[in-house]
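Subject: Structure for you to look at

Hello,

Here is the structure I said I would pass on. My notes on helix packing follow below it.

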Amino acid sequence: MGEPDYQHSWFDPAGIKGPSDTPDDLNELTRLWQGFMTARLILGLVLVVLQTALFATGTSHSVLLIAISAAYFAGTLAARLYIKPRPLGESFNRAWVALVGLDVVAFSALQLLQGNSINYTPLFALPILLASILGSLSLALGTAAGVTVVLLGSTLWAYVQAPTDAAPYFVQAALSGVGYFVIALLGNQLSTRLDRKSVV
């Protein structure tokens, strides 16, 4: 009794307007949204600085890595300035592509091109958290599954390019994938629990 019919996410997946849309709910959505957008923007700037420094010191010789980081920074800046706060919904949509999808593609490209010199796998936690808190459980788990496939695929690609004992790398990718599923599940359950308490 008194619990909302929708239990998919902290916010009504159908949109911002819903049965429990009090001013406090909308303020919380805006606060979380701005927090995620600011974190993505700072991360984009750090990646640009990092890749530029690696290139300047001769550690990296790929201008493409700088271009990818700069494109990611530009995308995060545009999202911070022009996309209004909104839930991501229950399925993959344009909002997911503009936010979570951009993160996954950018981090995957950096991971694939950088090789084993720098490990970008911890960065994938950000888009998974974004999907789990502002979206539904199915969206969060789908994002975690996609990231896991990317990690396993990049490990397989590295093994094809230079066949060595790849077992530790596959185990690391698999363990990272399990961790992402846990993050997706716990993040969504926590946000759902807090939502239930806020409407009681």
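Which residues in α4 meet which residues in α5? On the α4 side they are P127, I128, A131 and S132, and on the α5 side L139, A140, T143, A144 and V147. By class, this contact has 7 nonpolar, 2 polar and no charged residues. Please keep in mind that the model is predicted.

Helix α4 covers residues 125–134 and helix α5 covers residues 137–161. Their axes lie 7 Å apart, and the packing angle is about 160°. Angles over 145 degrees count as roughly antiparallel, so α4 and α5 are roughly antiparallel to each other. Their crossing is right-handed.

Helix α5 also packs with α3. Here the axes come within 10 Å and cross at roughly 15°. That angle makes α3 roughly parallel to α5, the cut-off for this being under 35 degrees. The crossing of α3 and α5 is right-handed. From α3, the residues W96, V100, V104, S108, Q111 and L112 take part, and they meet L139, T143, V147, V150, S154 and W157 of α5. These residues divide into 8 nonpolar, 4 polar and no charged.

Is S108 buried or exposed? Its relative accessible area is 14%, and buried means under 20%, so S108 is buried. Leaving aside neighbours within four places in sequence, S108 is in contact with F124 and V150.

Regards

Conventions:
Residues are numbered from 1 along each chain as its sequence is written. This is a predicted model: local features need pLDDT of at least 70, side-chain atom pairs count only at pLDDT 80 or more; totals for chains, interfaces and linings use all residues. Side-chain values use heavy atoms; hydrogens and water are left out. Buried means under 20% relative accessible area, exposed over 50%, partly exposed in between (1.4 Å probe, protein chains only). Contact means heavy atoms within 4.5 Å. Axes are lines fitted to C-alpha atoms, for helices over the stretch in contact, and angles run from 0 to 180 degrees between N-to-C directions. Helices (H or I, at least four residues) and strands (E, at least two) are DSSP runs, numbered from the N terminus. Angles under 35 degrees count as roughly parallel, over 145 as roughly antiparallel, 65 to 115 as roughly perpendicular and the rest as oblique. A crossing is left-handed if the near helix is turned anticlockwise from the far one by less than a right angle, and right-handed if clockwise. Ala, Val, Leu, Ile, Met, Phe, Trp, Tyr, Cys and Pro count as nonpolar, Asp, Glu, Lys and Arg as charged, and the others, Gly among them, as polar.
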